[in-house]
Amino acid sequence: MRYYIVAGEKSGDIYGGRLIQALKQEDPQAEFRCWGGACMQQAGGILVVHYHGLALMGLAFLCSLRKLFSYLRYCQKDLLNFQPDVVILIDYAGFNLRIAKFAKKHHVKTFYYVSPKVWAWNYRRVHKIKAYVDRMFSIFPFERDFYKKYDYAVDYVGNPLVEQVRFHRTHPNFLAACQLDSRPMIALLPGSRVQEVSSILPIMLSVVPALCTYQFVVAAIKDIPDELYEEASQAASVRLVYDQLYDVLAHAHAAVVTAGTATLETALFDVPQVVVYKTDALTYRLAKWLIKLKYISLVNILAGKEVVSELVQHHCNTKTLLKSLRKIMGDTCYRQAQLAGYQSIKQALGETQASKQAAQLMVQYLH
């Protein structure tokens, strides 16, 4: 069968890559055409457009609408030329729900893997999902109950991050290869988008001089422009490590993490963390108005309570970050409480191999 997969950011590319591998096991003659990145390409997909052109946020998104609509038209044309048996959409709702509507109009079956965060904001999108998406494959257990309220059945397949962390094998010479010493390591995870790194990494680096007994590692991404990491590359006690997030987390004593998928990955590695987020003032005001959730980190959302500290907008500064870091490193009871919260989240997510489960169901539904 022919599969057309669309992801708009790094995490979606990772999920898509593992899904392609799993689909090949179920459908050895499968052909894949995709919007994503290196993970999907290495798994065997023909890459049409890299996600970097799509991974925009805040005001940068508003300023690039013309470019995004150009991509949308190109995707629609390319989809029809490929004539897939199914379109598989991965998160990225603003773009992908338009593709779902287009696919439905042209009688192409549509699957959604990794639900848009309609449970956080813009509930009206649920009705679009019901109208345009044939099957939804969820990666968070609470999404089943959320969609049930709208009379829409979804398949919970497990969380792909669980299998990724479980199957990861840490490089045995990681510390030496990255010129790291025996001091405890604090991992800095500034995000995967240009806008995130530019606004948040300087705040992360501002605490380094006050914590001279630790070494810091910035989990960097090669696709991000080098100049955004320049301050980190020149700082004492700071190392840049590219595209080795899981090895960084495997050795970290604590972490400062930009809100997003990485907060859950950090929890799965049992690394105590402080979650941070900062954006431009207008985007923040819009988010406060639109988003209905009490928390911004996946860890706290899944736990239904505050397991990790969240420093957002004006609270995201050197003083509060330093105080929070010292607490998770020096307060044994608080540190253990975080780790206990992580265990409850792991139990809720389960041990299912999400990619394999999703692939089996997808092929079953297509037949």
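This is a predicted model: local features need pLDDT of at least 70, side-chain atom pairs count only at pLDDT 80 or more; totals for chains, interfaces and linings use all residues.
In soluble globular proteins, nonpolar side chains tend to be buried together.

## Phe 95 and helix α5

Phe 95 is one of the buried residues of helix α5, and, leaving aside residues up to four places away in sequence, Phe 95 touches Val 6, Trp 35, Leu 54, Leu 68, Tyr 71, Leu 72 and Cys 75. Phe 95 also belongs to one aromatic cluster together with Trp 35, Tyr 71, Tyr 74 and Tyr 92.

Helix α5 itself runs over residues 93-105, and its 13 residues reach 18 Å from the first C-alpha to the last, close to the 18 Å expected at 1.5 Å a residue. Besides Phe 95, the buried residues of α5 are Ala 93, Asn 96, Leu 97, Ile 99, Ala 100, Phe 102 and Ala 103. The helix is followed by His 107, whose phi is positive, near 60 degrees.

## Aromatic pairs

The structure holds 17 aromatic pairs. One of them joins Tyr 123 and Phe 146 in an edge-to-face arrangement, with 5.9 Å from centre to centre and 70 degrees between the planes; the pair links distant parts of the chain, 23 residues apart, with Tyr 123 in the loop between β5 (109-113) and α6 (125-132) and Phe 146 in helix α7 (residues 142-148). Tyr 123 is partly exposed, because its relative accessible area is 36%, whereas Phe 146 has 7% relative accessibility and therefore counts as buried.

Tyr 229 and Tyr 242 form another edge-to-face pair, at 5.8 Å centre to centre and with 90 degrees between the planes. This pair, too, links distant parts of the chain, since Tyr 229 lies in the loop between β9 (215-220) and α11 (230-234) and Tyr 242 lies in strand β10 (residues 238-242), 13 residues apart. At 1% relative accessibility Tyr 229 counts as buried, while Tyr 242, at 25%, counts as partly exposed.

## Charges over rings

Two contacts between a charged residue and an aromatic ring complete the description. The charged end of Arg 2 sits over the ring of Phe 82, at 4.2 Å from the ring centre, and Lys 327 lies over the face of Tyr 334, where the distance to the ring centre is 4.4 Å.

Technical notes: Residues are numbered from 1 along each chain as its sequence is written. Side-chain values use heavy atoms; hydrogens and water are left out. Helices (H or I, at least four residues) and strands (E, at least two) are DSSP runs, numbered from the N terminus. The expected span of a helix is 1.5 Å times one less than its number of residues. Buried means under 20% relative accessible area, exposed over 50%, partly exposed in between (1.4 Å probe, protein chains only). Rings of Phe, Tyr and Trp (its six-membered ring) pair if their centres lie within 6.5 Å; planes under 30 degrees apart count as stacked, over 60 as edge-to-face and the rest as tilted. A charge sits over a ring if NZ of Lys or CZ of Arg is within 6 Å of the ring centre and within 35 degrees of the ring normal. Contact means heavy atoms within 4.5 Å.
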